[in-house]
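Please consult the sequence and coordinates shown here alongside the text.

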Amino acid sequence: MTVTEPHTARPAPRFVRADGPDKVTGSGRYTADLSLTGVLAAKFRYADVSHARITRLDVSAALAMPGVMSVLTAADVPDVRFGPFVQDRTLFATDVVRYEGEIIAAVAATTAEIAQRAVDAIVVEFEPLPVVTDLEASLAPGAPLVHDGWAGYGAAEVVVRDRNDASFSSITKGDAAAAMATADVVVSSRYVADGCHAAPIEPRAVLAQWEGDKVTIWTSTQVPFDARAGVCETLELPANRVRIIVPHLGGGFGGKCGFHYEAHIAALARAAKRPVRLVFSRREEFLAPDRRREGMIIDITTGMRSDGTIVARTGWIAIDNGAYTADAGFFSQLAAMHLAGPYRVPNVSIEAHLVYTNHQPSGSVRAPTAPQACWALESHTDELAKAVGLDPVAFRKLNAVDTGAEGPSGQTYDEIGLQQCIDAATANAGYGQELPDDEAIGVAIGWWPSFSVPSGAYVKIDGDGSGQIITGAQECGTGAVMTLRQLAADELGMAPEDFQLVYQDTSVAPYDMGATGSQTLFNNGRAVVNAAGQVAEQLRKLAADHLEASPDDIVLADGHASVAGTPAATVSIAELAGIAAGGELLIGHGSGQPPGPPPLVGSTCVGDLGMAAFVAPQFSCHAVRVKLDRDTGVARVLAVSTAHDSGTIINELGALGQVEGGVLMGIGQALTEGTTYDDQGKQRNAAMLEYKLQTCADAPPINTHFVQIATPDAGPRGAKGLAEAPNVATAAAISNALAAIIGRPVRRLPMTAERVWETLNEEAAR
Amino acid sequence: MSESIDRDLTLSVNGIAYPVSVDTSRNLLSVIRTEIGLTGTKEGCDDCECGACMVLLDGQPVNSCSYLAAQAAGREITTIEGVMDGQELHPLQRNLLEEGGVQCGFCTPGMIMSATALLARTPSPSDEEIRIGLSGNLCRCTGYAKIIAAVRRTADEA
């Protein structure tokens, strides 16, 4: 097995971000830092009730207030129903409100205080409707419908819907029922996960300004082109009249994916004939966006031979969609894949339902569905190992997929490093050592797809030899866009510092999907390499003319073009750029063909949204040492050891930051971060005082090992995605450590001190 | 409608005296950001929980979201814009970049203010002292390890 020294044994590489000086000096501007002459403040009127019919809506008192410049409701914008999978959403509530954070009206006024008073002066009367909060009750026959008109909504053709089931998906392979009947040992488990939040430290902000018939919108989005598409669709505008600019983005973690309030603010600004700015409070950040992590109920049954070999797996999942579908349409299939897991399972039958409730809508938060489903599967896996008397790590080594193996949906993997991840993470954690009674090391494995999508970039070298990368990619903090400089520099024999980045502007750069799906380096890296390669070719031709050699013999390195084997024959790239400035300019444009999906054999997927075949799948193993205070149920994470197969690592310092941040978010999800609701579906803990993120004092040492396999049909140099994968297995590993200490798993996520204490007492009473 | 009561104040920020006329209910954060025009100090929660708005008042770290501007008159306020050493990055700023302690950067100004105060009162802090000293500043990106490393290195180099 391959276990290398932990990274801390080596000097850290010095990667200094291009946006770093802006960020450490306070000179970098985030959206809420911007203003424009004459800017107005926007405030929204929210439903504040979870399910009701609007019987009266009167904005006249608000409109009459001095300082109020515009008030909008559904009557003032095009009657457009939108949504990427199910068109179940409108900008403003029309007739029925379906969650507390739904927008009924928007106000723009000369100050935020006046805007808020105007919002409060809007008269809304409701007729209450039954509130749907329970996932199983929502799926029961005769349950009250969250959307009376569901059958008439437009939807992507592949989405399978039925009443409160917004997206059904199943994976079937072999004959799970027959195989289960022949199994020597069968274990069934139920796990229930609460929803939680992305909680970026920057609350979102939007600023919009019209000039003539064109609008510029500065917004804190992770997905500028998606935001533009949303504005165009809902306000019925062509793409070239809407410009989205993202200043520095203060984190997202998926919470700022999708199209949110850009159209509301653009519509307010058009009506008021003034620029309008929205800045969310932390409370709004918790309550309103359709991007919280989804709660789930998970049933799983696995049949094994007495030696521990898995023969069959069945599962049932209910996922809390909330009131609208947002981008959660593919969650049912993704959750099913994560419940099947990176295991050799010959017979599979898993069904997953995305269930409407009157909760805040769910959406892509860092590795959507995966931490919860992995937590359930991996806790269940330790139950399986116990049932056949195997060590949990040995059980995983026996059943986990490996190079050439077939996974649960019928995909056969090219060279992958999951087994190496298990070896490295457990060895680095000291798994197997004697520990005190109140400590244990829990182990879990996880996986995550890479997302292969179109993406574009331009590269140019100006007359002085300095470069610019003009890219559609969006930087949300991960450093993925920053790493593009390294790729361009390597193609051109220049230094990363020779390049400036122009990014986050839809009118300047070609399309990119945005900071979502860990896809930036995977896809935009391909585009930048492509674009830089074109410029390299131009430089080689110029150098060949200049040095009287063949372009094929020109080598670009250290800022110079030289003739291979004749080091004296050399010219600086700056000099070549000066020559080019008087003739054919140095400009490259790149995109490239995204890798296609791998084939699946022998499985059937209903509601197939493309998630059953994982392009360039990433694998991980986390081993977490936990200490439990038996008197209080308080768990403390002492150390985390991770190993990741994300293919080739291009920027190690950036990659380590992704793993460490993902692990800490996972610890929060495991122990403290969970949304609680009252019986009317309203959030009880929509504030950072009650919804606890991990602090510096909580942070354990994290040891990371990258199993680097240059993956074919992947990103540049065989890189896969990375940013979401570290968020998958941490909660599961903590669960297994707790179960080892307690003697049984804690079946609710987050595993709060109260829930751990209850489990301890149940076990003691047994 | 409540009447606003404006008051003339002089606030000293990063060694510069700013005359402002603000409502007595205004918090220091909003006056620094809008009246004085220094936007490096961020608002993350308006609840004293996240530390993004941390500034120094006579060298002591304070959540400026929960501090009245009027209370800061006559005291020396330091914000992130006052940390650089002329045109050079402060070692803490440079080390945060080199160690990888900056991702989205939204928590960074507040984190730097807390770390500056920590290193001023404890020039050679233990790792535990660094953890406690920065525990009022939430970072959602980094997992804190590289921030701790940057503070450690800054202390070691001093």
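Chain A is divided into domain 1 (31-129 + 204-279), domain 2 (292-452 + 600-765) and domain 3 (457-590), with bounds from an automatic or database domain assignment. The model is predicted: local features need pLDDT of at least 70 and side-chain atom pairs count only at pLDDT 80 or more, while totals for chains, interfaces and linings use all residues. Residues are numbered from 1 along each chain as its sequence is written, and chains are lettered from A and ligands numbered from 1 in the order in which they are written.

**Domains of chain A**
- The centres of domain 1 and domain 2 of chain A, taken over C-alpha atoms, are separated by 36 Å.
- In domain 1 of chain A, 17 residues are in contact with 19 residues of domain 2 of chain A (C-beta atoms, placed from the backbone, within 7 Å).

**Chain B against chain A**
- Contacts link 42 residues of chain B to 48 residues of chain A.
- Helix 2 (91-99), helix 3 (108-121), helix 4 (127-133) and helix 5 (145-157) of chain B each supply at least two residues of the side touching chain A (helices are DSSP runs of H or I, at least four residues, numbered from the N terminus).
- Helix 2 of chain B gives the largest share of that side, 5 residues.

**Helix packing in chain B**
- Helix 2 and helix 3 of chain B pack at about 125°, their axes 11 Å apart (axes are lines fitted to C-alpha atoms over the stretch in contact, and angles run from 0 to 180 degrees between N-to-C directions).
- The contact involves B:Leu92, B:Gln93 and B:Leu96 of helix 2 of chain B, and B:Thr108, B:Ile112, B:Ala115 and B:Thr116 of helix 3 of chain B.

Note on methods:
Two residues are in contact if their C-beta atoms, placed from the backbone, lie within 7 Å.
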